[in-house]
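Visitor: Please take me on a close look at a single part of this model, with the wider setting first.

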Protein chains: 2
Amino acid sequence: MTELKNDRFLRALMRQPVAGRYLPEYRATRAEAGDFLSLCKNTPLACEVTMQPLRRYPLDAAILFSDILTIPDALGLGLYFETGEGPKFRNVIRSEADVAALPTLKAEVDLDYVMNAVSTIRRELNGSVPLIGFSGSPWTLATYMIEGGSSKDFREAKKLMYGQPEVMHRLLDHLANSVIDYLNGQIRAGAQAVQIFDTWGGVLITWAYREFSLAYMKKIADGLIREHEGRRVPLIIFTKNGGQWLESMVDVGADALGLDWTTDIGTARARVGDQVALQGNMDPAMLYAPPARIRQEVADILSRFGNGSGHIFNLGHGITPDVDPAHAGAFIEAVVELSGEYHR
Amino acid sequence: MTELKNDRFLRALMRQPVAGRYLPEYRATRAEAGDFLSLCKNTPLACEVTMQPLRRYPLDAAILFSDILTIPDALGLGLYFETGEGPKFRNVIRSEADVAALPTLKAEVDLDYVMNAVSTIRRELNGSVPLIGFSGSPWTLATYMIEGGSSKDFREAKKLMYGQPEVMHRLLDHLANSVIDYLNGQIRAGAQAVQIFDTWGGVLITWAYREFSLAYMKKIADGLIREHEGRRVPLIIFTKNGGQWLESMVDVGADALGLDWTTDIGTARARVGDQVALQGNMDPAMLYAPPARIRQEVADILSRFGNGSGHIFNLGHGITPDVDPAHAGAFIEAVVELSGEYHR
């Protein structure tokens, strides 16, 4: 394998990519592909949009261009996107029979387009920076599969969870096995770190978060390839609105916890100590502020984290599409220039 | 003044109302009024819908039927509701000039319909249970006024907050003064406790929550009438997704903190000790579960809180409109029957 020219990310020291969906060159490529899902499934174009932010900015990692909902799509639910709305599914899972009828995922066959994208991007990166693969968490996938899309109150998912917890557990177990197979496929195809996005774990009661979301991220952590090509494959877990639960997230055995922007990173570090690296966590909306204000915020976050290693600087959530690329540039520049001073 | 027959709520011991918007009799009264805002402004009908849940269930308090956005409406922003969508404003606040042009609220004149509703309900309650008044928090009101409605990412509010913090502070200060005037008006009209709903404080960075939301709730707490008719007028503050910040919320000087359902009430109690009472916090979606499951959850929450006083049992957020009234009944029955056993 090629030597990594920049392995700073894998040493979990510094800064991480902001994906490129707000860039004009992204919008051009997307128009060429047709829609979002066609772009994910088009190997050369998915590779192209993964590379775009790396050409503009001095980033320490690349993140696979894909969607968190590829697994339910491969399980036959029929993912689609309507303009201006979130993801939707043509079929939903509502009963014990629906869960029992779910096929077993063979990720390298059923999601071959993702594996092709990973290996193509990895080749294209040519050892410059590591490539991060990802998946949605079982709980997050389950909410979309049950609701048929996003939700305000997750009433159908919660009806199943509270009313027939054993059926919910069967679904989550099936999804955890699918995620293991999927992420191991990505690792074998060339992903050098993997992240689990638990977008909706934060809508759960504390005990339900542990039982219905965290336990399945732990199952995944236990089933993942953790060393490949002679290197540790770091696992990052992220629960949006999970700031109350950092201590229990440590028990999953991930290498890093992603923090959303609401959590003070200094407090978080004091709570989890040196057990895990922390990834985050500037408010994406800060990118609407003037560049000088962005720079001040970067310094503030670096200073709150304090001296020492284990900080992967990133936004605390996805970037919004109408951000000025110059502001994203000012953000990354500030991280590059200021991190040495604060994280001695 | 009439003696209170049931002052259990004011002793901050037990259970609190679930408002009645899911009841068939509510839907009938609302149809009679026309729309939601007309119902708020119609004194006899607003009184009627406040009383409805009390006729069905053994509750320990009544909560004023109104909306959190009455203040911006009275400041000239033009509140309206479209079916199936959240609240909207005809005019928005985006600039320093917009903030400077806001009129000073004279709550007892400009929001006389709220004062009339409070005094009418109070008379109708005839000392049976106390009446709770409420308002939105300054930060929450500001987000709606700037965005013109609800928002996914609060980009306009955050643009102003990060880009022109002094303008945002002027707006929040104006709103805090308005809320003081409004809640004091409600207290003089007969409200025996008041609650501040900070629906959107949880989208802020920790430091920004303190500076732009919490500081103004503290200003309100300092400006409120805290004793009236020879009794303490308890203040309850609630920040949705504020579970990370309970310790700093204590410093506001409120009598109780509202907890959303994601926070473990036992952990919360350990964190804040006896400094404040806690109100909450069953997941409203639990009301979709079978009554036996609801009862089990009530027992679980009571047990997590543990022995002792200072628990006002309530849902962790608003009830959803399609809940079966029999399930709401099972919830309240379980609280009434089980609380003595757990909170000795």
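Guide: A residue counts as buried if 20 or more other C-beta atoms, placed from the backbone, lie within 10 Å of its own, as exposed if 12 or fewer do, and as partly exposed in between. Buried residues make up 53% of the 344 residues in chain A. The model is predicted, with local features needing pLDDT of at least 70 and side-chain atom pairs pLDDT 80 or more, while totals for chains, interfaces and linings use all residues. Residues are numbered from 1 along each chain as its sequence is written, with chains lettered from A and ligands numbered from 1 in the order written.

Now to our part, helix H14 of chain B, residues 291–305 (helices are DSSP runs of H or I, at least four residues, numbered from the N terminus). Its axis comes within 9 Å of that of helix H15 of chain B, residues 325–342, and the two cross at roughly 35° (axes are lines fitted to C-alpha atoms over the stretch in contact, with angles from 0 to 180 degrees between N-to-C directions). The crossing is right-handed, meaning that the near helix is turned clockwise from the far one by less than a right angle.

On the H14(B) side, the contact includes Pro291(B), Ile294(B), Arg295(B) and Val298(B); H15(B) brings residues including His327(B), Phe331(B), Leu338(B) and Tyr342(B). Contact here puts C-beta atoms, placed from the backbone, within 7 Å. By class, 11 of the contact residues are nonpolar, three polar and one charged (nonpolar: Ala, Val, Leu, Ile, Met, Phe, Trp, Tyr, Cys, Pro; charged: Asp, Glu, Lys, Arg; polar: the others, Gly among them).

In chain A, helix H14 (291–305) is part of what covers the buried residues of H9(B), among them Ala157(B), Leu160(B) and Met161(B). Helices H8, H10 and H11 of chain B also belong to that cover.

Terms used:
Contact = placed C-beta atoms within 7 Å.
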